[in-house]
Amino acid sequence: MSEAISPLASPFPALPPIEGVRIAVTRAGYKAWERTDLTYAALDEGTVVAGVTTQSKCPSPEVEWCRKALPLGRARALVVNAGNSNAFTGNRGRAAVEAIAARVAGHVGCEPSDVFVASTGVIGVPLPIDKAEAGIDAVLQAPEAGWRDAAETIGTTDTFAKGASASAVIGGKSVTLVGIIKGSGMIAPDMATMLGFIFTDAAVEASFLQTMLDAANKQTFSCITVDGDTSTSDTVLAFATGKAGNAPLASFDNDGADAFQAALTDICRQLAHLVVRDGEGASKFIQISVDGAESDASAHRIAMSIANSPLVKTAIAGEDANWGRVVMAVGKAGEPAERDLLSIRFGATQVARHGLAVENYDEAPVAAHLKGQEIEIGVDLGLGEGHATVWTCDLTHGYISINADYRS
């Protein structure tokens, strides 16, 4: 974790235990740092899993391993390495993942495919198998750790630990969801974010859990961006132990399925927002809403064009109500737009309407809004019913400093 905490940081919440999950952490020594960097989650037999992974064409061996294992729907363990992404490392990287899975499987008494592995950190350096295996041996003997320990251990350039919880009632049974996540830079996911892990005691069939996670992801993790860059290692996994004792959910026709979907989407949104709030160098959390597009998909692409614009993000950092940069970002998105129908607001103040600046609008409330840490930008295209909301942060010199020194 970085010593300088983001001004947008949220305190780590009190998170309840999840029956069927045991957490431990240790120091494998992947980098020259005095901190834990290997997280292990032991999952009771019967745990099912769903996941979404990066759309990068250069995925890490860990991502490929998870993709191959996910269709089986079973999970008995999770291993997360911090400080080395093991991406772009060829056969040596694949061998490291296989060695980790085999070592854990031998201890647990399961198939290697029941062991999920994720890594984050520098690209292009093979994960040292000797350190990984020694770390596994150590963590298997380590005392049980808490959620905050795990959240801190999976971080890299993160400035604060990130966790969230949610709950739902399924057929009269209360179920709990807990999630931890890491992410601060290289955030423009086409699926998820950096590394996120959700645990629940609900009983859910694996294929239906996948359906629900896909839906939740579409509205949350795939609606955030820090810098427009998609990681080679992006992974979000959801594990359901079934210990709550509810009748297993198999479809949206089941009692409580809608409530569980709402809880899953809620925890995903909480975690996604925490990543944006820890955006490298961020000083402002920005919500961008686009209405009146020809479709929801078109609205999403326009919103992300605004959110990824360095000119928009630096204007917000400078507290400059330069709405012309929003016009630019709408126009470059490649989506249907009519200049003379376009309207823009900052906060609650309309600054442009139907292709023109609002005559004699008072910039004082806009200036006051931009001095805050929570910024809203609204765009109405006036073309249809399409809507999307995405979240990003401003772009400051801090982002440059962090990434210029990343390998130091």
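Trainee: Which residues does Val290 touch, leaving out those up to four places away in sequence?
Mentor: This is a predicted model. In it, Val290 touches Ala299, Ile302, Ala303, Ile306, Val379, Leu381, Gly386, His387 and Ala388, with residues up to four places away in sequence not counted.

Trainee: Which residues touch the most other members of the largest nonpolar core?
Mentor: That core has 73 residues, and Phe260, Ile288, Val290, Ile306, Phe346 and Val379 touch the most other members. Helix α6 (residues 257–277) contributes the largest share, 11 residues. Apart from this core lies another, of 30 residues, among them Val21, Ile23, Val25 and Phe116.

Trainee: Let us turn to the sheet. What is the strand order?
Mentor: The open sheet of 4 strands has the order β1-β2-β4-β5, with mixed pairing. Strands β1 and β5 (115–122) are the edges, each pairing on one side only. On average, neighbouring strands are turned by 15 degrees against each other, direction ignored.

Trainee: And how many bridges join β1 to β2?
Mentor: Strand β1 (residues 21–26) and β2 run antiparallel and are joined by 6 bridges. Another 5 bridges join β2 to β4 (residues 77–84), and these two strands are also antiparallel. Thr39 of β2 is the bridge partner of Val25, and Thr39 also stands opposite Val80 in β4.

Trainee: Is β2 mostly covered or mostly uncovered?
Mentor: Strand β2 (residues 38–43) is mostly covered, with 5 of its 6 residues buried. One further pairing places Ala42 opposite Ala77 in β4. Helix α2 (residues 90–108) packs on the sheet and touches β2, β4 and β5; its direction makes about 140 degrees with that of β5.

Trainee: Now the aromatics. How many aromatic pairs does the structure hold?
Mentor: The structure holds 4 aromatic pairs. Phe116 and Phe239 form an edge-to-face pair, 6.2 Å centre to centre with 75 degrees between the planes. Phe116 lies in strand β5 and Phe239 in strand β9 (residues 235–240), 123 residues apart. Both Phe116 and Phe239 are buried.

Trainee: Why is the pair of Phe208 and Phe252 edge-to-face?
Mentor: The planes of Phe208 and Phe252 stand at 80 degrees, with the ring centres 4.8 Å apart, so the pair is edge-to-face. Phe208 belongs to helix α5 (residues 206–219), whereas Phe252 is in the loop between β9 and α6.

Trainee: Why does Phe252 count as partly exposed?
Mentor: Phe252 counts as partly exposed because its relative accessibility is 38%, while Phe208, at 5%, is buried.

Definitions and conventions. Residues numbered from 1 in each chain as written. Predicted model: local features only at pLDDT ≥ 70, side-chain atom pairs only at ≥ 80, totals over all residues. Heavy atoms only, no water. Core = buried A, V, L, I, M, F, W, Y, C linked by side-chain atoms within 4.5 Å. Buried < 20%, exposed > 50% of the residue type's maximum accessible area, 1.4 Å probe, protein only. Contact = heavy atoms within 4.5 Å. Pairing = 2+ DSSP bridges. Axes fitted to C-alpha atoms, helices over the stretch in contact; angles between N-to-C directions. Phe/Tyr/Trp six-rings, centres within 6.5 Å; stacked < 30°, edge-to-face > 60°.
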